[in-house]
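Please look over the following briefing with the sequence and the model side by side.

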Amino acid sequence: MLRFAGQRLLTLIPTLLAVLTLAFVLVRIVPGDPALIILGDQATPEAIARFHERTGLDQPIWHQYFAFLAQLAQGDLGVSMISNRPVLSAVLEVLPYTLELSLAGVFVGVVLGVPLGVVAARSNGGPLDWIVRIFTLGGLSFPAFVSAVLMLLVFSVWLGWFPVISSGKPLTDPWGRFMSLALPALNLGLVMMAYVARVTRGGMMNVLRSDYIRTARAKGVPARRIVWKHALRNVLLAVVTFTGLYFSVLIGNSVLTEIVFNRPGLGKLVIGALERRDYALLQGLVVAYAVLVVLVNALTDLCYRFVDPRVKA
Amino acid sequence: MSEALKIDRRVRRLPPGRVAIIAGAAIMAIVAAAAILAPLVAPHDPYAQSMLARFRPMSAEYWLGTDQFGRDTFSRILYGLQITLWTAFASTALAMLCGTSIGILSGYYGGRVDRWLSAANDLLMSFPQMVAGIIIVALLGPGITNLIIAIAITAFPAFYRMARSAALALRERDYIDACRVLGYSDMRIISRHLLPETLDDIIIVATLWLATAVRTESSLAFIGLGAPPPAATLGGLVREGFDNLLDYPGLAIWPSLAILVVMIGLNLMGDGLRDANDPRVSA
Amino acid sequence: MSVLNVNNLRTSLVIGGVEYHALREISLSVAEGETLAVVGESGCGKSMLAMSVMGLLPSVAAITMGHVTLDAVQIEAASESVMEHIRGARIGMVFQEPMTALNPVLTVGEQIAEPLRDHLGLSKREARKAAVALMEKVRIPAAATRYNSYPHEFSGGMRQRVVIALAIACRPRLLIADEPTTALDVTVQRQILDLLDVLRTEGKMGMLLITHNLGIVAGHADRVAVMYGGDLVESATVKELFRNPAHPYSRALLASLPRVDRDLSELASIPGRVPALINMPEGCRFIDRCPHAMQRCHTMPPPVAVGDSQAHSVRCWLHVQGGEDAAEG
């Protein structure tokens, strides 16, 4: 098991390297000198030179690249051009919130989506199937910020069930934390739920036609267990695959969700970095996102091993 | 005679997907008409400000009310639809052309180039869409053209992948071998035989990507990376409405609904096309 | 003492809103300890017969006439929950394709133990012990360790043994085997069929063996029912059928068997094809391919012979009293 994980990590390294290089290149393609933008175009040449020296921009590009990689290897994501704080600490400070939101969103998406899909597949063209299909169509059609704004409006402003500003509450206040997490998680999970329901429905309808389900029926296995044990376990493979693929979209949606619900997280950091043209911070954030995505992919692969016995180490 | 059989004697329903395609197309037709005819249909100039008419409610003069600068919301939504639809179509078309052609060529000729391209494509595909969009637009600067390019880049992988796998599958077919034996040029094989086969799939992917493009464009506009002001974008309108959410929620609701309608129309069409194409789906 | 009694069974199928008779007036019986083979080409309804008995017909099909009696209990109209108790417990079924017959994400042992726990109420440990014993009975080596193996770790022949094990786990009265060896290698086929014979005798089961292979019929069946196009055209003991085939179809089938003791320049076959269900003729369904077709055969289906189960019965106008005379004119 460990060996398998180790092998997977090894194959991730080239991917990771490529993404990191991309991050490095992207940020440096920016037209215009960051020094001018940050210091303003009234800056003196000396100030600019000092800025370049401080941020390492005066070195040749190869030098910068290797310095970049070396720093990364030491876990140093660079220093924010504006605040002079290490990017890594800025990221780590808000990462738990983003992770919490993402995981909650995945939870909502799967826990709500799978049963919906099962119900739809069982109905198979009947009324429940149509209801689910229409409902998921609706769910898919909401861009994350639209659903966020509307949810905020209906549930927080009009109904007052949830706080309007849901900045993350500390762990000492679990109920408060839950309440501020609930609506954003629901928002994030909404679209995912629609997709998961569809994937589950399709997979379930496929699986229910297979020979081994016929065998189970011939054994007299009660219909309930056929659906929820014999069939569903085979459909979960597809759900896991989908979740892995969807995660990168989820991250994007979490950015929007964090903005609308005013939650701390990587998303707000990105927006802040963009607005203030803090390219060092932006670069560090891109790296952070890349690492996250790569890790999630690896995690998905590991999940496969648990879910499908046919996958060998 | 047939008590045991609960036979559904109703004649088999419409072909699968038909209803969805028609409904979706109808919605899109209305939306597209509204967007294209915006200059004619809009009751007001979307950019005209009026400090006297700020935050007006819905009325006969301002159908959906006005915003913080006295601009007519309805007119702004119409122009916003223009931008959104144009951006979505242009970026999808661009991605379709580039992705499909490169994908087919890559799959058909194979070799090292194909492997590299595939790997690069996988990389692009795994990058969070929104983040990629944000970065590209941030780098290229604001503007509709850059927005189109940014979205096209995020859409590219889907077309590339689909076209490539189609090319790979078809390359092995016997009749392609026969074509080669007959001396047909590669170009001819590709354009006459491969392309038509993949057309169905391309259309489905394109329709679904239109929805994604609308989503991406409006999301980017929401966070300020859309077409720059004073252009009225739907996402930007929602943002402005969001800033005044507590007092004048309507400003956020109407553009949100507009986006929703477009997405529903596109998704309906995409769904319908997919159902119509899938041999296993029953109506 | 008959385990299974099928009486005048008609199964209908709905296609495009129209009802078709997929099975017409089928009557047969299987006695305890006996193997009844059901032979016929693809599309003759053999599998549909099995599904009708099991109550596993798809939603577009149903039994619309006749009776299915299992040990003197009528089950053709039984509710799904009643059938769930009968399937696996009183009737076991083995299917054709062993490679896809087992659930890939559950262990083999678990799948065998399941009916034991459902129908016999065994505890987890008891069921496991019994399952291992069953695996040994069907000659799966290292049964105790392989209990925890997954289906993809077994070969086709082994998987079929597993399927057999779970089918007989609760000592059913009837075992239906639908082409159990068609997808297997020839050497394995023999082993599986012999195994089935042994299990049948040991368990005092009745066996309904569905096959298209007359060689298997000759080697492993006591009696045989020949089906064509949804009709049961002939039924007899195996010996009797091979010696005196009565129905033109049976005769043609036997004639088409290549024989090593004769000089063969050509393989004989039956001209024509089985008509599709929606194109079935009104009268006898074999009419388009029958060399003896008469006027009467076109309009009316031949009567079903009523007689005791041991008799040699044929469904053909040729064999009705005075049939040949009435044919003229």
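The notes below cover confidence, a helix pair, a chain-to-chain contact and a pair of domains.

This is a predicted model, in which local features need pLDDT of at least 70 and side-chain atom pairs count only at pLDDT 80 or more, while totals for chains, interfaces and linings use all residues. Residues are numbered from 1 along each chain as its sequence is written, and chains are lettered from A and ligands numbered from 1 in the order in which they are written.

**Confidence in chain B**
- Within chain B, helix 3 (residues 73-109) has the highest confidence, at 88, whereas helix 5 (residues 129-140) has the lowest, at a mean of 73; helices here are DSSP runs of H or I with at least four residues, numbered from the N terminus.
- Residues 1-12 of chain B have a pLDDT below 50, and this stretch has 19 contacts in the model beyond near neighbours in sequence, a contact being two residues whose C-beta atoms, placed from the backbone, lie within 7 Å.

**Helix 1 and helix 10 of chain B**
- The axes of helix 1 (residues 18-36) and helix 10 (residues 250-277) of chain B come within 7 Å and cross at roughly 150°, where axes are lines fitted to C-alpha atoms over the stretch in contact and angles run from 0 to 180 degrees between N-to-C directions.
- Helix 1 of chain B is therefore roughly antiparallel to helix 10 of chain B, a term for angles over 145 degrees.
- Residues making this contact include Ala20(B), Gly24(B) and Met28(B) of helix 1 of chain B, and Val261(B), Gly265(B) and Leu268(B) of helix 10 of chain B.
- By class, the contact of these two helices has 15 nonpolar, three polar and three charged residues; Ala, Val, Leu, Ile, Met, Phe, Trp, Tyr, Cys and Pro count as nonpolar, Asp, Glu, Lys and Arg as charged, and the others, Gly among them, as polar.

**Chain A against chain C**
- The contact takes 18 residues from chain A and 25 residues from chain C.
- Helix 9 of chain A gives the most to the side of chain A that touches chain C, with seven residues.
- That side of chain A has six nonpolar, five polar and seven charged residues.

**Domains of chain C**
- Chain C is assigned domain 1 (2-90 + 170-258 + 270-328) and domain 2 (100-169), with bounds from an automatic or database domain assignment.
- In chain C, 15 residues of domain 1 are in contact with 14 residues of domain 2, and helix 7 (residues 186-203) of chain C gives the most to the domain 1 side, with six residues.

Technical notes
Helices (H or I, at least four residues) and strands (E, at least two) are DSSP runs, numbered from the N terminus. pLDDT is the predictor's confidence in each residue, from 0 to 100. Angles under 35 degrees count as roughly parallel, over 145 as roughly antiparallel, 65 to 115 as roughly perpendicular and the rest as oblique.
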